[in-house]
Amino acid sequence: MTSSLVKRAAIFTFATLVGVGPLIVFASASGASGSPHTAYQTTRKNAGTPNSSKVTLNPSTGVVISYGNKYITYNAPSTALVTLGQALFLQNCASCHGTEANGVPANGTVGSFPDLVGLGPATIDFWVDSGRMPAADVRAVQAIRHTPRLNPAQAVAIAAWVNSLSPSYPDIPTPNLKNANVSDGAALFALNCASCHTIEGDGDALASDTFSPSLRNIPAFEVVEAVRTGPANMPRFTGNLSDQQVDDIVKYVTTEIQHPNNPGGFGLGGLGPVAEGFVGLLLGVGILILIAYWVGERQ
Amino acid sequence: MSSDVVNTKRAKRQTAGPYGKVGNAINELDERLGVAKGGRTFMDKIFPDHWSFMLGEIALYSFVVLVITGIFLTLYYIPSTDLVTYHGSYLPLDGQRVTEAFSSSVNLSFAVRGGLLMRQMHHWACDIFVGSIVVHMARIFFTGAFRKPRELNWTIGTTLLILAIVNGFLGYSLPDDLVSGTGIRIAYSIILSIPLVGSYLGFWVFGGNFPGTTVIPRFYILHVLIVPLIIIGLVGAHLFLLVRQKHTQFPGKGRTEKNVVGTPMFPVFMAKTTGFLFVVSGVIALLGAFAQINPIWQFGPYTASRISYAVQPDWYMGFLDGALRIWPSWSFHSFGYTIPFEVLIPAVLLPGLLFNIAYVWPAIERRFTKDNALHNLLDRPSDRPKHTAAGVATLALLGMLFIASSTDVIANFFRLPLNEVLWAMRILVIISPFVAYPITWKICKEVQALHGGGKRKTANVVTRTALGEYVATPAPKYVDDEHQELDATPVPRFIVEGDEPESSGVRVADR
């Protein structure tokens, strides 16, 4: 009995070590371990939340104004915008999401119009600021990026009101690209993003009516919002990417994906070997056949 | 001025003899090696002038470009999977651990003067090489040039196509970038899918489990030495048989099964074909300079944990990729064995079947037509509707499989649902040959019924006689529409003096 207890304890300890060990190793490896900034580094468990970051509180109310580190600063939307936000929400969003932002079952289908309470300001800001919401076609499986109908300040105001219903995180991020490493970003992009967005960031069709959007034309903070909140089909990257890593990815996306150092001539629309095959066959072989036809006998 | 001054042109020519200094030198050579007879055969080799006979030349000359640019690339490429830290001019890769193969490929693109141009020319030349082989093969097939006595050359040509595709894939894999690494991974899985021997074969090719460290050096030596040597040897055999058996030709005035009408190798064809060599290399150079191909620096290095979406192989592997994409996920799991039919059928059996049919096609056709005669005159494709329809049906099937390799690109580009695109491609692949066959057959029949198709219509001159009778007389054909060709003049038998034809250009060679 005692020996089995000991055995169990030993197994438990071993399992804990095996299970947590890699986590510790990963957390220390993913952060700038050993650097003086480790204290501000978010870890696996609290990425995007103010748990262990440099937090600024409102001295009178004790509400979090901003948190983050030297890589990404998360700013809470100003509470002064709540009234405006509610008015905008009722005008633009309430017809689907309901006046309480809790989602309204459409034709008895619960969840057709999602409950927004507790999603955090970054989520609301992302959907509104990228022009996906208010939705152009509410029946579409996946909302398409449009010219935003509401300006950034209005998006923040709506986020402020929704967040006031049940305060949550992440707040609206501002990445500091000066501290980012574009090379690490390239490696992380290939590992985490390319499997859907393609390695050149052009996006592609994923399944029926769903697709990964192009990354060629999106602002830096929206990249962070998407990574941290996981809109639509996208996974929510919180635990496995630190703020530093997200900052690296954002730098890679906004520099090398959006303004690639791309010699070698006309890029053929980033369509890869499909376009290359068409050019090689139609333009290359085609022109040569025409020249053969030109110099050869035609009877 | 005395007459014994020999310093005049005429006197010099007389002392040099009837063949001149060059002629004398060649004569010396002939006395020792007997080159005159072979040289005469070579220089008198007759090439028909029809434009479709130049398709094979595109393949030959793009292969020349491949060899030249390839030699340049070997000077800078390092075939090694050893890990190095990249410190080059492409910043997004700076400090990453990459293989030496990838690092040297990026370096030869960015740091070597003209390196990127050479790499892009090499890749475009490859696309054009395989493409022109396919077009050339289609010409041979549709005109019936593969028939007796040229079955052996058809076999060599089919082997050359397979080798070109294989070598293209090997070369595509060498930079060890994310996209090509994915291709190698798929190739490994295809090998594994072969029942019984798959795992042994895979381990044998890759020197162990995927990815291993030996695959890049092995692919390299195959790509730059072994396969090109076989290709060069087979090209030599291909051309030797071409000279030995002489060209086919389209039927026409003065053309029979017993002769071949065209321009001789020297000087007319040699000048023309040398010009065409420069045209082919010029087009490839323009593509290399102005159209980007395979930007490996954007793809980054390959590691087994990374994958990019929207990855297709080069076009000549597209039909395989398409078949893999649309095949339903059937597999066999029992008695402790797994047979992945979803890989085995589209990626092993299908290409095996296709190329085997290509190999035995001359025999199949002879069995059906019972035609055992020698054929030196070509068919118009419309003259043999079943044959042409079978060829078009096969091309339609392959074309649809090729399009199926870009289901995701089609879905994204036209904003269509991916699953429906996949299903549409499944249906199109199956029905396309059955649609193509009767349409082609009908078109051939219609073309047969046309006389003077493509020619301008001549007027019917209607006159009324004195008795009031109307008579319609067709006006003569336009001069441009008549086949204009010089009358063929016979080629001398090897070295016979004073029998050279006056007009250069067109000759008849007796078989």
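The legends below describe close-up views of a predicted model. Local features need pLDDT of at least 70, side-chain atom pairs count only at pLDDT 80 or more, and totals for chains, interfaces and linings use all residues. Residues are numbered from 1 along each chain as its sequence is written, while chains are lettered from A and ligands numbered from 1 in the order in which they are written.

**View 1. The open sheet of chain A.** Four strands run in the order β1-β2-β3-β4, with antiparallel pairing. The edge strands, β1 (56–57) and β4 (172–175), each pair on one side only. Strands are DSSP E runs of at least two residues, helices are H or I runs of at least four, and both are numbered from the N terminus. Two strands pair if DSSP finds at least two bridges between them.

**View 2. β1 beside β2 in chain A.** β1(A) and β2(A) (residues 64–68) pair in the antiparallel sense over 2 bridges. L57(A) stands opposite V64(A) in β2(A).

**View 3. Helix α9 of chain A.** This helix covers residues 243–257. α9(A) is mostly covered: 14 of its 15 residues are buried. Buried means that 20 or more other C-beta atoms, placed from the backbone, lie within 10 Å of the residue's own.

**View 4. Chain B.** Chain B holds 17 helices and 10 strands. Its C-alpha trace spans about 85 × 85 × 45 Å along its principal axes. Of the 511 residues in chain B, 39% are buried.

Notes. The expected span of a helix is 1.5 Å times one less than its number of residues. A residue is buried if 20 or more other C-beta atoms lie within 10 Å of its own, exposed if 12 or fewer, and partly exposed in between; C-beta atoms are placed from the backbone.
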